[in-house]
Amino acid sequence: LQQGMGNHSAAELHLRSALELQEQLHGPKHPDTLIIINNLACLLQVSGKFQDAEPLLRRIFEVSKELLGSNHLDTLVAASRLGMLLLYDIGQPWEAEELLCTSLRGMDVQLGPSHEQTQ
């Protein structure tokens with residue numbers, strides 16, 4: 001709600017508090033914890049805080065890879081999101097290229113070559 005009202009600072013504080021509570025209750029790898037991390041990373045990106053969003057997106061990618069495997073669609077999407085941030089916002093094209101190519105190859109297998117996300 002705060003983010004929708006343009007109050008990114010308040011939204012960030014609420015999300016960080018929710019993340020801390022969620023981690024205490026369910027741990028750092030619980031799906032609900034990852035959802036809050038994702039929401040916080042999105043908010044930080046919209047706010048132009050790319051350096052702050054990067055470790056969160058890395059965390060989502062690494063935990064997804066660990067729990068779901070490298071070829072799971074959620075892991076591939078996480079790799080793509082991290083790769084896009086690295087390419088367009090952080091300026092690390094070499095690492096971004098590896099993540100984006102891996103993601104595209106995996107999505108091609110998972111979704112098929114005619115799916116909108118693989119074209």
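The model is predicted, with local features requiring pLDDT of at least 70 and side-chain atom pairs counted only at pLDDT 80 or more, while totals for chains, interfaces and linings use all residues. Residues are numbered from 1 along each chain as its sequence is written, and side-chain values use heavy atoms, with hydrogens and water left out.

The chain contains five helices and zero strands. Helices (H or I, at least four residues) and strands (E, at least two) are DSSP runs, numbered from the N terminus. The order along the sequence is α-α-α-α-α. The C-alpha trace spans about 40 × 30 × 25 Å along its principal axes.

Of the 119 residues, 34% are buried. Buried means under 20% relative accessible area, exposed over 50%, and partly exposed in between (1.4 Å probe, protein chains only). The accessible surface is about 7200 Å², and carbon and sulfur atoms supply 55% of it. Areas come from the Shrake-Rupley method with a 1.4 Å probe; for residues, only the protein chains shown count as cover. Contact means heavy atoms within 4.5 Å. Of contacts between residues at least 6 apart in sequence, 46% join residues at least 24 apart.

Helix 3 covers residues 50–68. Its 19 residues reach 26 Å from first C-alpha to last, close to the expected 27 Å at 1.5 Å a residue. The expected span is 1.5 Å times one less than the number of residues. The buried residues of helix 3 are Ala-53, Glu-54, Leu-56, Leu-57, Ile-60, Phe-61, Val-63 and Ser-64. An α-helix has 3.6 residues a turn, so residues three or four places apart point the same way. Cover for the buried residues of helix 3 includes helix 2 (31–46), helix 4 (73–90) and helix 5 (93–111). Just after helix 3, Gly-69 adopts a positive phi of about 100 degrees.

Gln-119 lies in the segment after helix 5. Gln-119 counts as exposed because its relative accessibility is 71%. Beyond residues up to four places away in sequence, Gln-119 touches Pro-113 and Ser-114. The C-alpha atoms of Gln-119 and Leu-104 are 9.0 Å apart, with the two residues 15 apart in sequence.
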